[in-house]
Every structure is written in structure tokens, then in C-alpha cells.
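Hi everyone, thanks for making time this morning.

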Amino acid sequence: MKIRFRGVRGSIPSPGSTTARYGGNTSCIEVRAGSEILILDAGTGIRSLGADLMKEFGSRPIDASILISHTHWDHIQGLPFFAPAFAANNRIRVIAPGNQAATLKRALANQMEPIHFPVGVEHMAGLGEVEELVSNTAIIGAFKISVTELNHPGGCAGFRVEANGVSLAYLPDHEPFCARGVVPKTAAAQSRAEALTEFVQGVDLLIVDAQYTAAEYPQRVGWGHGCLPNTVALAADAGVKQLALFHHDPAHDDHEIEAMLESARELALPNNMFISAATENETITLVSAAPKTSYRVSGVVHDSAKRSAPELLQPDCLKSRSS
Ligand SMILES: [Zn+2]
Ligand SMILES: [Zn+2]
């Protein structure tokens with residue numbers, strides 16, 4: 001499984017020389033398993049992904065699924081700039097967590113109303129109807145998807161994605177259920193925290209909201225975002241192999257993110273998990289040590305539409321991806 005960060009910033013794009021190293025685009029992650037393409041969220045980072053896909057596929061049809069965690073701007077705002085969705089020969093599926101299809105459909109249409117945007121959603125000829133995950137586990141092509149509810153105003157879904165014997169968990173916008181030393185630990189909060197730890201247990205890569213430092217968080221309780229020590233504790237408790245700090249605060253420059261990364265590594269000692277700060281355009285490849293497992297089965301989410309035979313990637317396309 002290859003994971004490429006297309007947008008790693010939270011809340012609002014933050015371009016400029018002080019954020020150039022980690023990147024200023026908002027949430028979007030490209031996940032590939034063989035020839036299959038899964039996209040996690042459609043923040044502004046999806047624009048460059050669309051441009052690259054158009055180059056890679058040329059006149060061949062593009063088949064991709066976009067899984068949306070929630071409808072906050074920083075997770076949907078790039079979709080009107082996703083070029084493949086405007087070509088009728090492409091099949092771009094947009095998939096919402098359970099019971100969220102109507103909300104997502106409305107949000108995507110609203111952001112392309114003339115008051116916000118010059119081109120209506122009806123011009124996106126390659127975009128299918130918004131689909132919905134009918135249960136907390138589903139199969140999308142080669143990917144097995146599990147869903148959990150995160151702690152975020154308005155709600156946000158967290159996803160666990162498994163394919164080819166490896167796994168990642170994506171918890172984009174999440175405030176600790178009980179931040180140590182800040183938020184009183186109730187039995188209900190403790191139970192939800194334990195359930196989330198179980199949900200991400202042992203994943204090869206955990207991508208998780210680490211927006212605030214321990215010093216910043218007490219002034220931002222209830223804003224729905226991560227606090228660094230809790231983020232590290234979640235990863236350590238769950239025994240994940242690799243942690244990527246994600247949803248960087250737009251106010252944090254590259255030096256501040258580096259300092260947070262150092263702090264996270266110190267907090268994680270003596271745990272030997274690898275920690276990085278998610279970096280725009282960085283690619284992480286997860287390789288299974290175990291025999292290959294395939295999740296390809298006949299069912300796909302809830303629609304009965306037949307998937308066209310996926311095109312094979314040219315090996316050169318894979319080789320050209322920088323890491
Ligand atoms: Zn967000
Ligand atoms: Zn959000």
C-alpha cells in the first residue's frame with residue numbers, strides 16, 4: 001500500500017515560505033493498492049492529485065473512490081478543483097460515512113452554488129451520486145474499511161484501511177476524549193478512549209490530528225482537535241508501528257512543527273515506533289511481512305454498479321514517486 005500526503009494542514013490553507021517544508025494544503029491523502037485508488041478527504045490537496053492523475057492516465061479512464069470524513073471546509077473545499085471529476089469517461093465515487101450521504105451531497109452542491117463558485121456541481125460529469133457506507137465495515141475495491149466516530153464538533157469519521165496485508169488508520173479531526181490533566185476523565189469518556197485505542201490497535205501507520213501543543217490546548221478545549229501528548233499516548237497505547245502527526249495548525253510554521261515532532265519523539269521514548277510529521281507530497285510505502293491478504297470480494301459499499309476493469313499502473317509511475 002502506498003500512501004501519499006497531498007494535504008496535511010488543518011482548518012485553512014496556509015501557503016508561504018514559512019510553511020513550505022510541511023506544506024500548506026488541507027486534508028487529502030492518496031492511497032494506492034495495486035491499481036486501485038482510494039482518496040481520503042477532498043481538501044485543497046486534492047487539486048494536485050487530480051492534475052497528476054490526468055497526466056498519468058492520459059485518455060484512459062480514471063476510477064477512484066473518495067472517502068470523506070466530514071463536511072468541514074478543509075475536507076471538501078478542493079473537490080471543485082479535482083479535474084478528473086469533470087470528465088465523463090472517469091468514474092469518481094464519493095462515499096460518506098453512515099447516514100451522512102444527504103448531508104455530504106448538500107454540502108458539495110452548496111459550495112458550488114453561484115454565490116461561492118462559478119461552476120455548478122452538475123458540470124462534474126465524472127462524479128457519481130454520493131454513496132454511503134451502510135455499516136461500520138465495508139469493502140471498497142481492494143480496501144477493507146472500518147469506521148469509527150471521533151470527538152469533533154459536528155462529527156467526524158475515523159477510518160481504518162486495510163489492503164495487501166497492511167493497515168493504516170486515519171483520524172483527521174479528533175480531540176482527545178479525556179485529555180490528561182485538562183479534561184476530567186468520566187467513565188463514558190474513558191470508555192470511548194479505550195474503544196478508539198482498540199480501533200487503531202497495531203496499525204502499520206496511524207495518521208492523526210496533532211494540531212495543538214500541550215501549552216496551546218487548554219485554551220482550545222472543545223475546538224475538536226488534537227493535543228500532542230495525547231496523540232502520542234494513543235499511538236503508544238495502541239502499539240502502532242508508525243505515527244504521522246497530521247492536521248497541522250495553520251498558525252504553526254515549519255520550525256514549530258519540527259519542535260512538535262521532537263517533542264513527540266521524546267514523549268514516545270522508549271517506545272520504538274517511528275514518528276514523523278506528515279509532509280505534503282511525501283510517500284509512505286507499507287509492505288506486509290505476512291503472506292498477502294486480499295480483501296477483494298464481490299460486494300462494494302451498497303451500490304450494485306459494476307466496476308470497470310481497473311487499468312494497471314505503469315511501473316514507472318510508481319518509481320517516479322518521491323518519498
Ligand atoms: Zn479539519
Ligand atoms: Zn473538522
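Let's begin with β7 and strand β8, residues 143-149: they run antiparallel and are joined by four bridges. I say that two strands pair if DSSP finds at least two bridges between them. Strands here are DSSP runs of E with at least two residues, helices are runs of H or I with at least four residues, and both are numbered from the N terminus. One bridge to look at is I140, whose partner in β8 is F143.

A word on the source before I go on: this is a predicted model, where local features need pLDDT of at least 70 and side-chain atom pairs count only at pLDDT 80 or more, while totals for chains, interfaces and linings use all residues. Residues are numbered from 1 along each chain as its sequence is written, and chains are lettered from A and ligands numbered from 1 in the order in which they are written.

Now, which sheet do β7 and β8 belong to? They are part of an open sheet of seven strands with mixed pairing, in the order β7-β8-β9-β10-β11-β12-β13. At its edges stand β7 (137-140) and β13 (274-277), each with a single partner strand, so one side of each has no neighbour in the sheet. From one strand to the next, the twist averages 20°.

Helix α5, residues 228-237, packs on this sheet, where it touches β11 (205-209) and β12 (242-246), and its direction makes about 155° with that of β11. By touching I mean contact, that is, C-beta atoms, placed from the backbone, within 7 Å of each other. For directions and axes, the lines are fitted to C-alpha atoms, for helices over the stretch in contact, and angles between N-to-C directions run from 0 to 180 degrees.

Is β9 enclosed or open to the outside? Seven of its seven residues are buried, so β9 is largely enclosed by the rest of the structure. Buried means 20 or more other C-beta atoms within 10 Å of a residue's own, exposed means 12 or fewer, and partly exposed is in between, with C-beta atoms placed from the backbone. In a regular strand, side chains alternate between the two faces of the sheet. In β9, A157, F159, V161 and A163 point one way, G158, R160 and E162 point the other way, and all are buried.

On one flank, β9 runs antiparallel to β8 with six bridges, and R160 in β9 stands opposite S146. It also pairs with β10, again in the antiparallel sense, over five bridges, where E162 has S167 as its bridge partner. β9 and β10 form a hairpin with two residues between them, and N164 in that turn has a positive phi of about 50°.

β10 turns up again in the core. The largest nonpolar core has 85 residues, with L206 and I207 making the most contacts inside it. Such a core is a set of buried Ala, Val, Leu, Ile, Met, Phe, Trp, Tyr and Cys residues joined through C-beta atoms within 7 Å. Strand β10, residues 166-171, supplies the largest share of this core, five residues. What does I207 touch? Leaving aside residues up to four places away in sequence, I207 touches I29, L168, A169, Y170, A244, F246 and A278.

Back to α5 for its helix partner. α5 and helix α6, residues 254-268, pack at about 45°, with their axes 10 Å apart.

Five of the six residues of β1, residues 2-7, are buried, so β1 is largely enclosed by the rest of the structure.

Thanks, and I'm happy to take questions!

Definitions and conventions
Contact = placed C-beta atoms within 7 Å.
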